[in-house]
Amino acid sequence: MEKDMYILGIETSCDETAASVVKNGKEILSNKVASQIESHKRFGGVVPEIASRHHVEQITIVIEEAMKEAGLDFSQLDAIAVTKGPGLVGALLIGVNAAKALAFAHQIPLVGVHHIAGHIYANRLVTDMRFPLIALVVSGGHTELVLMREHGTFEVIGETRDDAAGEAYDKVARTLNLTYPGGPVIDRLAHEGKALIDFPRAWLEDGSYDFSFSGLKSAVINTLHNAEQRGEQYNPEDVAASFQASVVEVLTEKTVRAAKQFQVKQVLLAGGVAANRGLRSELQKKMEELKDVELVIPPLSLCTDNAAMIAAAGTVFYEKGKRDGYNMNAYPGLELDHV
Ligand code: KG4
Ligand code: ZN
């Protein structure tokens, strides 16, 4: 029988301080997340300085809790996996340095993980991955269609040319005077309204898998300003529903088209916006025409930032023999194709 593998994951790329222990790349033994959302809310977005300070305060507590809940001590770990990019540099550095210190003190291998690889591997905590597969990664900083032909390799076949999907949600929410983060609030309002306003869909040139959300965001802002200038009332629920209909239509159409072209076995949803109810249900509906293609959607707690997904991805890289040295840095602009 093969020996069990235990990996500690650490994630601090944005506004969650997270640590988790995962067994054999699939089984969560602990998954601790300290969220800072309350501290950033009044600023309407993440303030990098504040994020770094929170990470410093939380990191050792969160790691200790994750180890305790897993019932392990450091000598039992096979490796420490940590998000090395992309993200806020000051935030990333807290996790990277904590991981390096622990790896050095306990002489444990160190594996740097791309944040988006982590989001994709959240799916392996739900079910086995079957290749080829397409992952739709939609978060506050990313909107990407990623083709995977085997474990640990990523081909970005489409990405946003401007705003990320989550960023568009957050900006539109701010225009509607809603709280941060805007995604969950707009999602809720959208279900109470009707998609009566015909906002644009950016399909881009024929066959492109890229996305663009800045035109849609401007269209929403212009519609609201025009209504205000004319002294007209607008219904926020209908604006939210119309905005969400545009985002969801483009995301789901392109995902299903890619699934057909690359004859995939699975479609995975990943990232914070994967929590969106409209996106989940529309993708489920459109995928019904694709026989034998499995749609995998992780539970909400694994869609938003967490460290179990970093440990899951780290396990695959570790098994492939990837190691980082004590000179590992934080890489705020790290590209997925290059990991
Ligand atoms: O993956 P994530 O937790 O952090 C990043 O790596 O960016 O994603 C956060 C983003 C935010 O923009 C938030 O508004 C969005 O995910 N989000 C949603 C929903 N829940 C979170 N967007 C749309 N609908 C939701 N239900
Ligand atoms: Zn994320």
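The legends below describe close-up views of a predicted protein model.

Local features are described only where pLDDT is at least 70, side-chain atom pairs count only at pLDDT 80 or more, and totals for chains, interfaces and linings use all residues. Residues are numbered from 1 along each chain as its sequence is written, chains are lettered from A and ligands numbered from 1 in the order in which they are written, and side-chain values use heavy atoms, with hydrogens and water left out.

**View 1. The protein is divided into two domains.** Domain 1 covers residues 6-120 + 303-338, and domain 2 covers residues 130-297; such bounds come from an automatic or database domain assignment. The C-alpha centres of domain 1 and domain 2 are 27 Å apart. In the contact between them (heavy atoms within 4.5 Å), 18 residues come from domain 1 and 24 residues from domain 2.

**View 2. Domain 1 and domain 2 bury about 1700 Å² between them.** The size of an interface is often given as the accessible area lost when the parts come together. Here the buried area is the accessible area, found with a 1.4 Å probe, that two parts lose on being put together, summed over both. Carbon and sulfur atoms account for 71% of the area buried between domain 1 and domain 2.

**View 3. One salt bridge crosses the interface of domain 1 and domain 2.** A salt bridge is a side-chain nitrogen of Lys or Arg within 4 Å of a carboxyl oxygen of Asp or Glu. E150 and K320 form a salt bridge, with their closest N and O atoms 3.9 Å apart. On the side of domain 1 that touches domain 2, the elements giving two or more residues are α1 (37-41), α4 (115-121) and α11 (308-319). Helices (H or I, at least four residues) and strands (E, at least two) are DSSP runs, numbered from the N terminus. Of the elements on this side of domain 1, α4 gives the most, with four residues.

**View 4. A cis peptide bond joins G85 to P86.** The omega angle of this bond is near -10°. P86 lies in the loop between strand β4 (79-85) and helix α3 (89-106).

**View 5. The loop between α5 (165-175) and α6 (182-190) holds P181 and N177.** The peptide bond from Y180 to P181 is cis, with omega near -10°. In N177, a residue other than glycine, phi has a positive value, near 60°.

**View 6. K23 and D4 meet through their side chains in a salt bridge.** The N to O distance in this pair is 3.8 Å. K23 belongs to strand β2 (residues 16-23), while D4 is in the segment before β1 (6-11); the pair, 19 residues apart, thus links distant parts of the chain. A search of the whole structure finds 21 salt bridges.
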